[in-house]
Amino acid sequence: MTKNNTYTLLDNVTHKDLRVITQYRAQFGDNMASVPVFATELANVSRHYPVLFYPEEASGSFVMTALLGLEKGENLFLNESLPEGYERIRAQAGWAADYVPAMVARGPFAIGLHENGTQVMVHVDENHPKISTTEGKPVFLPKGGNSDYLNRVASILNLIHSGVQVTKDMIAAWQALELLEPLNVNIDLVDGTKLSLGGHYAISEEKVAALGADELHSLHKDGYLQGLFLAMTSLSNLQTLVDLKNVRKQQELKAYAG
């Protein structure tokens, strides 16, 4: 379910009864195959998701993304996509990993500039499908203070806000060294289905291995070297996506045979 975004400044009078459903489900718009991620969360993201780069023709740069599914509109980390028996990896409400990318975890909230154009304030999309007045976690306390949930959201929004520019700068440094290359992966699933993953770029292991001492030192000095290796090693998580997809296919085959 999707609705037009109508962000408005959050305040404890207008939104005193506001609640947010914090579960992750397709019906709440969480069934995306990829989501933008930031340098400020890369250490957590790279533990679970393949980190790829989607080209932006207009800017000539790339958007760093976490891959969540192998087909359009597919999020293999939603619990509803998993069969029974996988409860052991269900670390959060509706999400089968212990870290949810910030752009998903922020829910109906975003940071916006207010009044003088420089003051950063929390805004809320009042038409977001997770917004409620009867269920979910309260945004404000009865006397108007911030709830623990809102404080957590504020920290997530700060992570995004602080990560936007550093992510652009980091990718630009990698581009200058020509470390990104097109990624094309062919996948054979257990039911005979063949998938092709293309359109994204990834960090080239060969080009990283060929970097000289001065280039490595420059990346380290600017704080971009650790992120480079995190993004590169995250590609091993592609197998996790294939495994989750195959589990779903096996369950479909059993259901069809039964």
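Guide: Glu71, Glu74, Lys245 and Arg248 are joined in a network of salt bridges, a salt bridge being a side-chain nitrogen of Lys or Arg within 4 Å of a carboxyl oxygen of Asp or Glu. This is a predicted model, where local features need pLDDT of at least 70, side-chain atom pairs count only at pLDDT 80 or more, and totals for chains, interfaces and linings use all residues. Residues are numbered from 1 along each chain as its sequence is written, and side-chain values use heavy atoms, with hydrogens and water left out.

Visitor: What's the N to O distance for Glu74 and Arg248?

Guide: Their side chains meet at 3.3 Å, N to O. The pair links distant parts of the chain, 174 residues apart: Glu74 is in the loop between S5 and H2, and Arg248 is in helix H7 (residues 238–257). Helices (H or I, at least four residues) and strands (E, at least two) are DSSP runs, numbered from the N terminus.

Visitor: Is Glu74 buried or exposed?

Guide: Glu74 counts as buried, at 6% relative accessibility, while Arg248 is partly exposed at 21%. Buried means under 20% relative accessible area, exposed over 50%, and partly exposed in between (1.4 Å probe, protein chains only).

Visitor: How many salt bridges does the structure hold?

Guide: Nine. One of them is Asp188 with Lys194, whose closest N and O atoms are 3.0 Å apart. Asp188 is exposed at 54%, and Lys194 is exposed at 63%.

Visitor: OK, switching topic. Which residues touch the most other members of the largest nonpolar core?

Guide: Phe53, Trp95, Trp174, Ile203 and Leu228, out of 53 residues in that core. A nonpolar core here is a set of buried Ala, Val, Leu, Ile, Met, Phe, Trp, Tyr and Cys residues joined through side-chain atoms within 4.5 Å. Helix H3 (residues 148–176) gives the most to this core, with six residues.

Visitor: And what does Trp174 touch?

Guide: Leaving out residues up to four places away in sequence, Trp174 touches Phe53, Leu179, Ile203, Leu219, Tyr224, Gly227, Leu228 and Ala231. Contact means heavy atoms within 4.5 Å. There's also a second, separate core of twelve residues, with Leu10, Phe109, Ile131 and Leu157 among them.

Visitor: Where does Phe53 sit relative to S5?

Guide: Phe53 stands opposite Met64 in S5. Strand S4 (residues 51–56) pairs with S5 in the antiparallel sense over six bridges; two strands pair if DSSP finds at least two bridges between them. Their hairpin has four residues between the strands, and Gly60 takes a positive phi near 75° there.

Visitor: What else pairs with S5?

Guide: Strand S3 (residues 34–36) does, antiparallel over three bridges, with Thr65 as the bridge partner of Pro36. Six of the seven residues of S5 (residues 61–67) are buried, so this strand is largely enclosed by the rest of the structure.

Visitor: Last one: what's the mean pLDDT of the protein chain?

Guide: The mean is 90, and 90% of the residues reach 70 or more; pLDDT is the predictor's confidence in each residue, from 0 to 100. Over residues 87–91 the pLDDT is below 50, and this stretch has eleven contacts in the model beyond near neighbours in sequence.
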